Amino acid sequence: MIKQQLEAINKAVLEKLSAVKDSQQLDEIRVKYLGKKGELTAILKQMGSLSPEERPKIGQLANEVRTSIENKISEKLEQIKALETQKRLESEAIDVTLPGKKSELGYYHPLTKVLREIEEIFVGMGFEIVDGPEVEYDHYNFELLNIPKGHPARDTQDTFYITDNILLRTQTSPVQIRTMEQKKPPIRIISPGRVYRSDAVDATHSPLFHQIEGLVVDKGITMSDLKGTLEIFVKRLYGEDSKVRFRPHHFPFTEPSAETDICCFECGGKGCHLCKGEGWIEILGCGMVHPKVLENCGIDPEVYSGFAFGLGLERIVMRRYNITDLRLLYENDTRFLKQF
Ligand code: DAH
């Protein structure tokens, strides 16, 4: 009777072991058969009811079954451990042949890119880069630049007023005044920055845009210094064979004044859509600093002279990259900005 029970247990354990998948299931089997309240233990407790002849035989059999079960279980445990290790290694494996995750590099806005280029050209010629406030006094933005109240030059430079006398600057030219007030000649600066005008937004106008101001003041500065400097600038920016011309113009703070054109780089001067058939493209305004402006800043025009210039960054960038709508530069659409 007990013998059959022992054999049945042995068989049942073997069957169960073959279906075991993890160490937890294996543990359950150990407890079920070998544990204190396990099936094998329960049988051994019946040994007392056996006859003295049977007892050693069955006892031996019981021990054999127990040892066999124990061995099978530890064998299975080894297998499961090996399997679990393999699974873990597989799930943690790194495929070194997979392409890496690319981290996106940032890039400069086209306005910044071209500004850096321009700055580098002037720094190379010994200019210093200075900054000025965007919220400015009427006094600096107009008055000291020889544009008194009621002057017609104010008509084209309407802006946003904070008070009657404080406004968003319409040009970077007030930085000329601030520089000359703060330091004595020799002065050689450029000043890039935002300027404002109350213009409605369209493809070529924006209430906010950028200018780069230039100012040189020293003893003996003449118109030829102005022309030479700007010619070098233009050749560095547009290529050594670009041609420049100076056209008479009027600005209240320079005398004489001029506008600088470059020979159209699209058509070479024949006339095309870019230069609107002119053959030439205007790129900046310039002139010899008006004696009155020097005087306004406490610099003696009998001793010192200077030249100044101002250029619009957006127009240069738009022509450089063939951008026809100014608004694209401010919308921060990365699909557009990515191209430069
Ligand atoms: N401030 C002028 C403007 O906004 C540009 C300009 C012209 C600046 C001549 C100058 C200059 O320094 O000499 O239209």
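This report looks at salt bridges in a predicted model.

Local features here need pLDDT of at least 70, side-chain atom pairs count only at pLDDT 80 or more, and totals for chains, interfaces and linings use all residues. Residues are numbered from 1 along each chain as its sequence is written, and side-chain values use heavy atoms, with hydrogens and water left out.

Side chains of opposite charge can pair when their charged atoms come close. A salt bridge here is a side-chain nitrogen of Lys or Arg within 4 Å of a carboxyl oxygen of Asp or Glu. The structure holds 16 of them.

| Pair | N to O distance |
|---|---|
| R154 and D138 | 2.8 Å |
| R327 and D325 | 2.9 Å |
| R335 and D333 | 2.7 Å |

Take R335 and D333, which form a salt bridge. R335 is exposed, at 67% relative accessibility. D333 is partly exposed, at 27%. The cut-offs for these words are relative accessible areas: buried is under 20%, exposed is over 50%, and partly exposed lies in between (1.4 Å probe, protein chains only).

R327 pairs with D325. R327 is partly exposed, with a relative accessible area of 33%.

Where do R154 and D138 lie, buried or exposed? Both are buried. Their side chains meet in a salt bridge. This pair links distant parts of the chain, 16 residues apart. D138 sits in helix α6 (138-141), and R154 in the loop between α6 and β3 (166-168). Helices (H or I, at least four residues) and strands (E, at least two) are DSSP runs, numbered from the N terminus.
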